[in-house]
Amino acid sequence: MRKGEKRKQELLEIAYRLFITKGYENTSVDEIIAEAGIAKGTYYYYFESKEQTLEEVIGMMIDKEIEAAGSILDVSVPVPQKIVGIIASIRPAPEEHSIEGALMQPENIIMHQKIKNRIVEKVVPLLTKVVEEGISQGIFSCDNIPERVRMMLVLSNEIFDESDFTDKTIDVFIDITEKLLGAKENSMDFIRQLINSPAAVNDQ
């Protein structure tokens with residue numbers, strides 16, 4: 001890693017810690033600079049604003065989550081468990097919820113959409129491999145796999161990004177997912193556990 005890249009990474013790590021301990025809204029650029037022991041000009045050499053720092057901190061979080069999700073591909077577990085594991089891996093840790101919450105602010109709506117798109121782009125190849133494995137085992141039967149996986153992810157983001165969905169919403173989503181992947185009826189019911197109890201899934 002080059003010296004400049006290392007310095008930027010150090011700043012992101014400092015911002016990450018401060019955003020967790022103090023909250024994004026309560027952390028100032030001056031506090032990040034003071035913690036890093038650098039001049040203000042150095043900070044603004046790497047970041048145009050605190051908002052850009054937030055976006056790149058979340059990007060760093062996503063990269064770690066994707067790395068964890070990717071490691072599940074080689075684990076010898078059933079296909080449904082791999083799907084659950086990958087999706088559970090790309091959720092923020094409990095202590096990171098304050099950072100994620102900053103994305104929900106109206107002024108960050110464009111950034112929020114960019115982050116969602118980034119996650120979809122990174123997760124599609126992982127879930128595509130799992131669906132291909134499921135097809136080889138006779139669990140799924142479909143073509144155009146990346147497109148189907150993308151549709152499933154985009155739909156789930158739009159439906160479950162907020163907390164105002166119902167049990168019937170989950171029923172319909174599971175039904176749509178089974179049809180998208182050519183799965184047997186009720187074979188994707190494990191999704192209900194993932195939606196209703198993410199913490200329990202993460203503990204598996």
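Let's start inside the fold: leaving aside residues up to four places away in sequence, Ile 99 touches Tyr 16, Phe 19, Ile 20, Leu 54, Val 57, Ile 58 and Met 61, where contact means heavy atoms within 4.5 Å. Ile 99 sits in helix H6 (residues 97-102); helices here are DSSP runs of H or I with at least four residues, strands are runs of E with at least two, and both are numbered from the N terminus. With 0% relative accessibility, Ile 99 counts as buried (buried is under 20% relative accessible area, exposed is over 50%, and partly exposed lies in between, using a 1.4 Å probe and protein chains only). Glu 5, which is 94 residues away along the chain, has its C-alpha atom 23 Å from that of Ile 99.

A quick word on what you're looking at. This is a predicted model, with local features needing pLDDT of at least 70 and side-chain atom pairs counting only at pLDDT 80 or more, while totals for chains, interfaces and linings use all residues. Residues are numbered from 1 along each chain as its sequence is written, and side-chain values use heavy atoms, with hydrogens and water left out.

Now turn to H7 and H8, whose axes come within 8 Å and cross at roughly 130° (axes are lines fitted to C-alpha atoms, for helices over the stretch in contact, with angles from 0 to 180 degrees between N-to-C directions). That angle makes H7 oblique to H8; under 35 degrees would be roughly parallel, over 145 roughly antiparallel, 65 to 115 roughly perpendicular, and the rest is oblique. On the H7 side, the residues that meet H8 include Val 120, Val 124 and Leu 127, and their partners in H8 include Ile 145, Val 149 and Leu 153. By class, this contact has twelve nonpolar, two polar and five charged residues (Ala, Val, Leu, Ile, Met, Phe, Trp, Tyr, Cys and Pro are nonpolar, Asp, Glu, Lys and Arg are charged, and the others, Gly among them, are polar).

Glu 158 forms a salt bridge with Lys 116, with the closest N and O atoms 3.5 Å apart; a salt bridge is a side-chain nitrogen of Lys or Arg within 4 Å of a carboxyl oxygen of Asp or Glu. Because Glu 158 is in helix H8 (residues 145-160) and Lys 116 is in helix H7, the pair ties together parts 42 residues apart in sequence. Lys 116 is buried, at a relative accessible area of 12%.

How many salt bridges turn up in the whole structure? The search finds 15. In one of them, Lys 82 meets Glu 133 at 2.9 Å, N to O. Lys 82 belongs to helix H5 (residues 79-89) and Glu 133 to helix H7 (residues 109-136), so this pair links parts 51 residues apart in sequence. Lys 82 is buried at 4% relative accessibility, while Glu 133 is partly exposed at 24%. Lys 179 and Asp 175 also pair up, at 2.7 Å, N to O. These two are four residues apart in helix H9 (residues 167-181), so about one helical turn separates them. Lys 179 is exposed, at 59%, and Asp 175 is partly exposed, at 33%.

Finally, have a look at two loops. Most residues other than glycine have a negative phi. Asn 144, in the loop between H7 and H8, has a positive phi of about 45°. Asn 186, in the loop between H9 and helix H10 (190-196), has a positive phi of about 75°, and is exposed at 54%.
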